[in-house]
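Here are some friendly notes to read beside the model. Take the points in order and find each part on screen as you go.

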Amino acid sequence: MTFPYLLTLIVFSPLLGILVLAFTPKTKESAIKLIGVLATIPALILTLYLYIAFQLGAKLSDFAEKVSWMQFANPEVFNSVYSVNYELRADGFSILMLVLTALLSTLAAIASIHIKKEWKGYFILFLLLQIGMFGVFAAGNLILFFIFFEITLIPTFFLIGKWGYAEKEKAALSFLIYNGIGSAILLIVIMFLFAKIGTTNIEALMSILSNKAILSESTKMTLLIALIIAFGVKLPIFPLHSWMVRVHVEAPPSIVMLHAGILLKIGAYGLIKFGIGFFPEQFQSLATWIAILGVINLLYGAFLALIQTDFKKVLAYSSISHMGIVLIGLGAINSAGVQGAIFQVVSHGLLAALLFWLVSIFYQRYETTKLAELGGMARAMPVTAGFLLVGALGSLGLPGMSGFIAEFMSFLGLFKSMPILAAVGCLGIILTAVYLLRAVLSITFGEGKTTNKVKDMETIEKIPAVILVCLIVAIGVYPDLIASGLTNTIETIVIGLGG
Amino acid sequence: MMEFAWIIPLFPLLSFLLLIVYGKKWGSAAPYIGMLLTFASFIVSLLVLVARFENPTYKAEATWLTIGDATLTAGFEVNQLNALMLVIVSLVSFLVHMYSKGYMQGDERISVFYSYLGLFTFAMLGLVLSPNLLQTYIFWELVGVGSFLLIGFYFYKEEAKAAAKKAFIMTRIGDVALFIGMILLFWQVGSFEYDEIFASVSAGTISSEMITLTAILIFIGAVGKSGQFPLHSWLPDAMEGPTPVSALIHAATMVAAGVYLVATMFPVFAASEAALMTVAIVGAFTAIFAASIGLVQKDIKRVLAYSTVSQLGFMMLALGSAGYVAGVFHLTTHAFFKALLFLAAGSVIHAVHTQDIEKMGGLWKKLRLTGPLFLIGTLAISGVPLLSGFFSKDEILVATWVHGHTILFLLAIIAAFMTAFYMFRLFFLVFGGEARGDTNHVKESPNVMTVPMWVLAFLAIFAGYINTPWFGSFLGDWLTDGNAALGHGHIEGPIWIMGLATAVSLLGIALAWLIYSRKSLSRDWLSSRAPYAYQLVNKKYYIDEFYHFTVVKAASILSRVARLFEVIIVEGLIKLITAFITGLSKLGSRMQDGQVQTYGTVAFLGLAVLVIVLALTGGYL
Amino acid sequence: MDLETLLSYRWSAMTPEFIILGVVAVLSLLDLFLPRSFNRKLLGWLSFASIIAALITVFTLIGDTPVSILYDTFRLDSFAIAFKILLLIGAALAMLLAISYEPEEKLEEYRGEFYYLFLTALLGVMVMSSSGDLITLFVGLELLSISSYILVGMRKNYLPSNESAMKYVINGAIATAITLFGMSYVYGISGTTNIKEMAAALGAIDQQQHLFLLALAFLMIVVGLAFKISAVPFHMWAPDVYEGAPLPVTAFLSVVSKTAGFIIIIRIFIGVFFQVPDLSGNNSLILSLQNYLAVIAGATMLIGNIVALRQSNIKRMLAYSSIAHAGYLLVAVTAFSPFMIETLWFYLGAYLFMTLGVFAIIQVAAWKAKKVQINEFAGLYRSSPFLAVSLAILFLSLAGIPGTSGFIGKLNIFMGALSTEPTHYILASLLIATTVISYIYYFRVLAAVFFRQPQQETKISFSPPAVIVISLCVAVTVILGVFPNIAFDFLHGNFLSFNDFIQ
Amino acid sequence: MSTVPISAYLTLALVLFCIGLYGALTKRNTVIVLISIELMLNAGNINLVAFSKFGMMPSIDGQVFALFAIAVAAAEVAVGLAILIAIYRNRKTVNVDEFDALKH
């Protein structure tokens with residue numbers, strides 16, 4: 001059976017919500033919020049359908065779509081080399097990411113109840129952002145990928161700049177510039193491949209580039225490094241991370257849920273699909289450096305997180321540190337490592353979303369995220385404190401939760417290829433525990449510092465937290481849940497890496 | 001029966017889930033749920049143990065995670081060792097559940113307490129059942145969380161917070177070592193399964209260096225959990241948790257997990273003399289080191305804590321001296337009498353609301369039940385003949401001697417002497433003499449607390465008889481049955497060792513009696529002799545201070561360096577670039593001076609430059 | 001020549017020009033004889049109608065090309081038609097702006113001139129776009145220039161207007177002189193002014209110093225025309241003139257006049273210099289002189305984008321951004337890819353809509369404000385979401401964000417720069433880099449518009465023509481961004497990649 | 001009749017052009033600037049005419065072109081002067097370097 005336009009439907013399903021919102025008057029707040037949340041549901045259902053269909057063994061080719069989009073040059077005079085198609089496709093990894101995106105979008109939409117003003121504009125931009133994210137993971141050729149990649153930037157810019165905290169404009173601009181540079185480099189690479197090879201179709205490029213004759217060794221290496229920089233900004237790889245800290249601190253939590261949950265992961269996605277996918281040999285020769293970068297990320301982020309006084313900053317640096325695990329996994333260049341990296345992508349997505357949702361909840365009540373001003377939350381809001389603890393334990397890699405699986409596999413991989421480095425990296429595991437406990441305990445434990453009378457989580461607030469925790473634990477307890485879908489993706493990658 | 005062993009951990013897990021969700025609603029009903037479910041798992045584990053007597057080892061597993069071509073499995077296994085452990089754990093856990101009903105009476109978060117207990121018990125039982133290293137590691141960590149949560153149960157106390165954090169992080173250090181060792185083994189063996197590991201070890205496919213390395217790494221993990229030197233200092237602080245917790249986690253079960261791990265991995269250790277030696281030395285040193293600190297502690301629970309550390313040292317020593325049986329045997333007996341001691345101490349604290357032994361005294365008359373129970377425990381741990389501790393400790397000494405560690409043997413003897421001394425010091429200070437604090441409102445604990453103690457007391461006395469020089473070493477034979485790598489069920493040692501052991505323990509008791517009960521020797525008789533030594537011991541050899549000034553400081557310095565780097569290099573670079581661009585644009589807009597002739601000039605100059613270049617290069621550029 | 005030959009020409013090819021010309025004549029007379037009281041705006045509508053009519057006729061002319069009359073001084077090839085379409089659309093929209101333009105001092109008495117000078121300028125460009133002879137090219141160019149000098153100075157009593165006109169005249173005249181000088185050399189070597197014959201003559205020459213002289217002439221013409229497209233080194237007039245000129249005129253300059261510049265550049269480059277062998281004799285002159293163009297293009301992009309960062313007046317900022325866009329377009333010219341004309345056409349079209357849209361918004365938003373400072377746009381989103389969102393979309397397009405026509409255009413140029421041999425890596429990278437820089441100033445405006453609070457609540461009064469322009473521009477920008485093939489298919493379907501350029 | 005080589009005319013034109021350019025870029029008085037521009041344009045015309053007579057392939061086109069150029073130049077300067085008058089009304093000066101209200 002085939003699925004005509006399923007991917008297109010998924011990608012553009014938020015448009016429906018946008019249209020409805022466009023015609024709802026500003027003043028109907030509750031209605032707007034409701035629509036905003038509901039608008040994310042169709043995509044969720046469709047992606048789940050896609051996932052199930054895929055798990056039931058539907059062929060990936062059944063999902064692919066292709067429509068001619070534009071020709072730069074006249075196809076009658078020149079051959080159709082200079083033509084770009086609108087083509088969508090999906091593989092195990094991207095399906096996984098699509099599901100994750102849909103899920104987190106819905107949760108973030110629910111989490112948006114804490115947004116204070118102008119819900120209409122907020123939700124319209126929110127849904128636009130969602131389209132962009134879907135598109136990135138469903139894109140079948142690089143130009144489409146790039147287009148959606150850029151489309152994510154704009155709504156995010158406005159969402160940060162309008163609904164963020166004190167320093168929001170600065171954060172928004174630096175977000176834009178950094179990612180602009182990243183995408184600029186990406187565009188150069190893409191157009192170079194397009195101009196020199198004549199296609200940007202991802203599968204086609206994979207097969208063509210595997211041919212040694214195409215492009216010289218050094219060119220490939222340059223392209224790969226360019227790609228690593230381009231996606232390194234997104235991931236972010238040290239030292240390209242300072243924008244990301246600002247965004248994490250200034251952006252509204254519901255957006256950070258998506259940002260940390262999905263947008264950062266686009267970097268990893270691109271690195272895996274294009275970095276390794278297109279230039280496996282070159283990637284192998286860089287593997288050591290990637291792994292070293294990973295360890296640096298891991299430790300650097302951890303050490304900085306250790307002395308932050310603002311919980312949001314702690315989480316921001318912990319994100320940097322956790323992205324180090326992804327690099328470590330990729331640097332291992334074996335199936336365990338790559339799988340670990342992918343798991344980390346998913347798991348950190350969920351954990352970051354959870355933690356920032358909790359931040360949003362207690363910021364709502366305490367109007368601060370400074371560690372010094374918080375404390376003893378376990379008495380005032382035991383449930384929130386409990387979830388916070390769960391989140392912290394999850395992201396410090398407690399077995400039984402998704403974080404551990406990712407960490408375990410990444411290190412398993414790295415220990416095979418470069419044990420010494422891996423051993424150094426293991427320091428990071430300890431540090432992670434140290435800084436997370438330091439931060440979380442000083443918020444939840446100890447004598448209560450703040451005097452405001454606060455209520456614990458509302459039921460509506462519990463929904464996202466519970467769902468996220470369930471997923472985190474589910475993956476942690478039975479990782480094959482998602483590992484099974486990834487096997488062929490990883491096989492192709494590892495085969496590309498030559499065993 | 002054994003194929004249902006997997007159900008054992010599920011009872012406590014169920015209790016955890018139920019109580020965490022509905023605990024608030026059910027309130028006072030929570031303890032009964034906890035007790036019921038743990039009792040159920042105790043019964044099942046008992047049945048499993050019985051079943052294990054006639055049936056061979058049972059193992060079941062299913063695919064858990066596929067990595068490339070390797071598939072990791074999860075499952076459970078029932079062999080002699082963990083069948084035994086199952087019973088110990090579930091029993092002690094059940095008793096503690098019961099005891100806590102009385103001890104935690106009136107605490108509004110009692111349901112949370114029970115749910116945590118459930119979580120811990122689940123993890124501990126899971127750990128015991130694990131058939132492979134990875135699964136062990138997983139539960140190993142979960143056990144740590146359980147302990148972390150329970151230590152931090154009184155979250156509003158800064159000490160509790162600190163202790164919980166310390167416990168988690170220090171054990172984590174060990175865990176990472178275990179993590180590394182485990183992964184290294186995996187790449188050597190290609191599997192986490194115990195039996196496959198042992199197989200390839202005995203097959204000699206692994207280089208001896210690798211064996212030693214991994215064994216030691218795994219041992220470091222054990223060191224962390226079992227509070228061996230140098231990772232011991234979290235255990236005494238862990239006494240911030242409620243006393244029943246100390247009894248369950250920090251005496252009977254979790255801290256023993258380290259020993260259990262070494263015991264399970266014994267074939268690997270046995271394959272490397274160096275590894276065994278390390279274990280033995282660390283064990284012996286810890287034994288005497290902790291005992292010496294125990295001599296001067298003023299907090300009833302801390303004395304017990306240090307004695308725990310020291311006893312665990314004994315077990316490690318045993319394992320390190322190839323005394324597999326001795327180790328496990330002491331593990332068993334220790335579980336009972338130490339749990340007993342803690343519960344008794346708990347009931348004392350419950351009665352007098354202080355932990356400072358200086359403020360106690362003369363409680364023998366007040367606490368008619370607790371006193372004798374405590375005495376039993378004390379006798380047992382001091383190795384007084386005919387009680388359980390006597391037999392197991394004797395086994396250890398024999399093993400050490402036979403294995404030829406003369407020095408370690410001496411250390412062990414001294415440690416044993418100290419044990420006897422400080423335990424009775426404790427006993428006399430708490431129960432003997434006259435009351436130093438006000439004791440008029442002191443009353444005996446309710447039955448729900450005393451009954452478990454009676455059970456434990458019974459076991460503390462008679463558990464030793466399952467493995468004695470006289471009535472046959474039933475336990476040993478059973479444990480080592482069909483597994484040559486574990487050594488003999490019973491090691492014949494010279495008879496004088498038993499005499500010596502008895503002598504030193506009696507000597508210790510006598511000394512304690514002289515100083516603290518009969519007061520014929522002044523209390524600072526010894527400390528005044530060597531004030532510095534006393535100071536040193538009293539300050540626990542400044543271990544914590546040492547860590548604070550090395551590890552912690554180093555970390556914070558590194559963090560500061562990182563921050564400097566962040567501010568100066570990372571941010572600075574960006575500032576530089578932006579400054580450059582803005583400077584350029586400033587220059588550009590200044591050139592735009594509004595003079596039309598300037599514009600014309602610029603255009604002309606542009607043309608001129610182009611033409612000149614053309615002229616010079618002759619058209620080629 | 002006798003009457004037969006005259007009548008034998010297919011004058012129908014010139015219908016659009018005739019329409020414009022006729023209306024110009026009529027308008028000037030009407031303006032002369034109509035009473036003061038008569039509302040001159042009707043003249044505006046009349047001229048608008050004439051532009052539309054011309055546009056329609058141009059569409060009818062598609063197909064039977066190339067037509068060449070008057071000894072090839074006027075040729076109607078697909079190139080001419082394609083660009084006339086752009087020009088007429090641009091002029092029509094600019095005219096709408098002009099109709100709704102209301103400076104604080106009324107320009108009633110010379111409103112009429114305002115309109116027919118618009119038309120004469122337009123006429124000049126149209127002549128250029130379809131002229132096969134240096135003379136007509138030159139005359140058309142001057143017709144455009146002289147009309148626009150007056151248009152810039154239209155607000156007689158407004159000092160900035162006078163001053164900008166003055167600067168425009170002086171610079172423009174110098175540029176003209178340089179161009180003319182260059183052209184004279186070309187004529188001297190080829191001995192003819194007819195482009196086709198020129199191509200033949202120049203293709204034959206072999207003398208080194210003649211070629212050298214040609215290269216010299218080439219540079220002079222390039223610099224001279226750099227004035228029209230406001231490219232380095234002749235770019236500095238642009239900010240001042242844009243700021244001083246009446247807003248519709250600014251719009252006209254930045255769109256129509258820039259297009260005109262590129263039209264003449266293409267005419268001369270492809271018609272003349274592409275045919276000339278270079279000094280080594282084995283390569284086309286224009287290809288061997290690519291690097292000069294590359295330098296100019298790079299410098300234009302850099303200066304335009306970097307200096308724009310510091311502008312506080314939005315008209316000046318747009319002036320610099322239009323300089324930058326000239327740079328982007330020059331990249332396409334430099335690369336000289338097989339589909340250069342398509343690329344330029346598409347980009348100029350996209351640029352036309354986004355720029356005119358932006359100017360329309362400014363005209364509406366800054367209705368009362370004498371100067372248009374960027375911070376005066378703060379909180380525009382509050383006072384008029386429609387304007388704010390439209391501005392956002394158009395700016396995104398100018399910044400080349402996907403989903404808008406600007407992105408497709410840039411992609412096109414980029415493709416050209418990378419697909420040719422030699423590949424222009426540096427130029428392409430520079431294009432992207434400067435684009436990223438341009439984000440800063442575009443988004444700074446948007447940040448002011450959306451994130452800040454308005455200083456004082458200003459009541460915005462919409463005038464229908466301006467609103468039409470805005471909505472149309474936004475619509476086209478988005479549509480071309482999402483379905484670019486609408487434009488490309490039109491090109492490929494009707495003009496078959498302009499291979500009738502020289503026949 | 002005497003034959004002056006074409007190079008002479010070309011040199012003259014070049015010199016004239018440079019003089020004009022110099023004047024246009026340096027003189028303060030706008031009128032003179034405009035006149036200098038006239039010089040530049042006429043330099044072009046000289047070229048054209050010279051080429052059309054003594055060029056390697058003489059043709060009438062050059063002179064036609066020159067005529068157009070002259071007309072254009074006249075118009076240009078006329079407009080220039082008109083604008084100068086307008087600005088003089090508001091500014092009371094003809095010095096080109098004082099017209100710098102618009103800058104940066």
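1. Helices (H or I, at least four residues) and strands (E, at least two) are DSSP runs, numbered from the N terminus.

2. A word on conventions. Residues are numbered from 1 along each chain as its sequence is written, while chains are lettered from A and ligands numbered from 1 in the order in which they are written. As the model is predicted, local features need pLDDT of at least 70 and side-chain atom pairs count only at pLDDT 80 or more, whereas totals for chains, interfaces and linings use all residues.

3. Now look at chain C and chain D. Their contact takes 36 residues from chain C and 36 residues from chain D. On the chain C side, helix H6 (134-152), helix H7 (159-190) and helix H10 (237-244) each supply at least two residues. Which of these helices gives the most? H7(C) does, with 19 residues. The chain C side holds 20 nonpolar, 11 polar and 5 charged residues.

4. Chain A is assigned domain 1 (1-278) and domain 2 (286-499); such bounds come from an automatic or database domain assignment. The C-alpha centres of the two domains lie 23 Å apart, and 38 residues of domain 1 are in contact with 43 residues of domain 2. On the domain 1 side, H11(A) gives the most, with 14 residues. This side divides into 28 nonpolar, 8 polar and 2 charged residues.

5. Finally, an unreviewed UniProt entry places the feature "domain: NADH-Ubiquinone oxidoreductase (complex I) chain 5 N-terminal" at residues 64-114 of chain B. UniProt positions are given in the numbering used here, feature names are shortened, and annotations may be inferred rather than shown by experiment. The end C-alpha atoms of residues 64-114 of chain B lie 30 Å apart, and the span is 57% helix and 25% strand.

How values were computed: Contact = placed C-beta atoms within 7 Å. Nonpolar A, V, L, I, M, F, W, Y, C, P; charged D, E, K, R; others polar.
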